[in-house]
Amino acid sequence: MTKQQTITEMFDDISPRYDFLNHLLSLNLDRGWRRKVSKLVTTALGNLSKPEILDVATGTADLALQMAKDLPSAQITGIDLSQNMLDLGQRKVKAKGLEQRVCLRRDDAMALSFRNESFDAVTVAFGVRNFSDLSQGVHEMVRVLKKGGTLVILEFAKPTHRWIKGGYHLYTHLWLPLIGRLVSGHRSAYRYLPESIERFPSLETNIRMLEEAGLSDVQTEALLGGVALLYHGRK
């Protein structure tokens, strides 16, 4: 089984408790961080009459739904490899009556099935750590982005603030896996999170990769002392 298949199967398994655990384990901060992504996209696309947005690794569609709320004229496509997560997201889309504006489908971020320059903005929240090949995934997102379009990435990181660093390490390596396992019933899923954060490239490496993929004016914002990072730039 490939790495991507293993991760997809893991997300399929934890999908019933995924939203609950996301909000619980992030102390509900993930909602505000997604709103920040949506605000960046809204500012970038606010003058367009009918912007097209791609949300990669959409999961249960929280970010896609936030952008649909903030940008009432936008058409949003959310893609993910986990069908169970997409099914849960589709229920949320239907409950909000947004089936005409938010389309969820299974697709691979390593080989997106969209034509070059199809979208005015591409977003991904807490998903790039799961890419089997980070550079390839970034190049694919930039490929389907229109010239002048915006890419926004929200991802966990290793905090740099000295007062947060020690407590965060203890929380992610001890309490988070324990709570995650007890609530989700999955033995390894919430050990995977801190391990994947540890392996994730540095801020400087990621900025260089985004620029090499074709983005300019790449900017970053550290959230909660660097617990999460926002990257955004234009093609």
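**Close-up views of a predicted model**

View 1. D217 has its place in strand β6, which spans residues 216–223; helices (H or I, at least four residues) and strands (E, at least two) are DSSP runs, numbered from the N terminus. This is a predicted model, in which local features need pLDDT of at least 70 and side-chain atom pairs count only at pLDDT 80 or more, while totals for chains, interfaces and linings use all residues. Residues are numbered from 1 along each chain as its sequence is written, and side-chain values use heavy atoms, with hydrogens and water left out. Is D217 buried or exposed? D217 counts as exposed because its relative accessibility is 55%, where buried means under 20% relative accessible area, exposed over 50%, and partly exposed in between (1.4 Å probe, protein chains only). Leaving aside neighbours within four places in sequence, D217 is in contact with H232 and G233, contact meaning heavy atoms within 4.5 Å. R234 lies 17 residues from D217 in sequence, and their C-alpha atoms are 6.5 Å apart in space. The side chain of D217 also makes a polar contact with the side chain of Q219, at 3.2 Å; a polar contact is a pair of N or O atoms within 3.5 Å, and within protein one must be able to donate a hydrogen and the other to accept it, with residues adjacent in sequence counting only if both atoms are side-chain atoms.

**View 2. Helix α5 and what covers it.** Helix α5 consists of residues 134–143, and its buried residues are L134, G137, V138, E140, M141 and V142. The elements that cover these buried residues include the strands β1 (52–56), β4 (119–125) and β5 (145–156), together with the helix α8 (203–213). At the start of α5, a side-chain oxygen of D133 reaches to within 3.3 Å of the backbone nitrogen of S135.

**View 3. The protein as a setting for the close-ups.** The secondary structure of the protein comes to 8 helices and 7 strands, and 51% of its 235 residues count as buried. Among contacts in the protein with a separation of 6 or more, 73% are accounted for by residues 24 or more positions apart. The protein exposes about 11,500 Å², of which carbon and sulfur atoms supply 52%; these accessible areas come from the Shrake-Rupley method with a 1.4 Å probe, and for residues only the protein chains shown count as cover.
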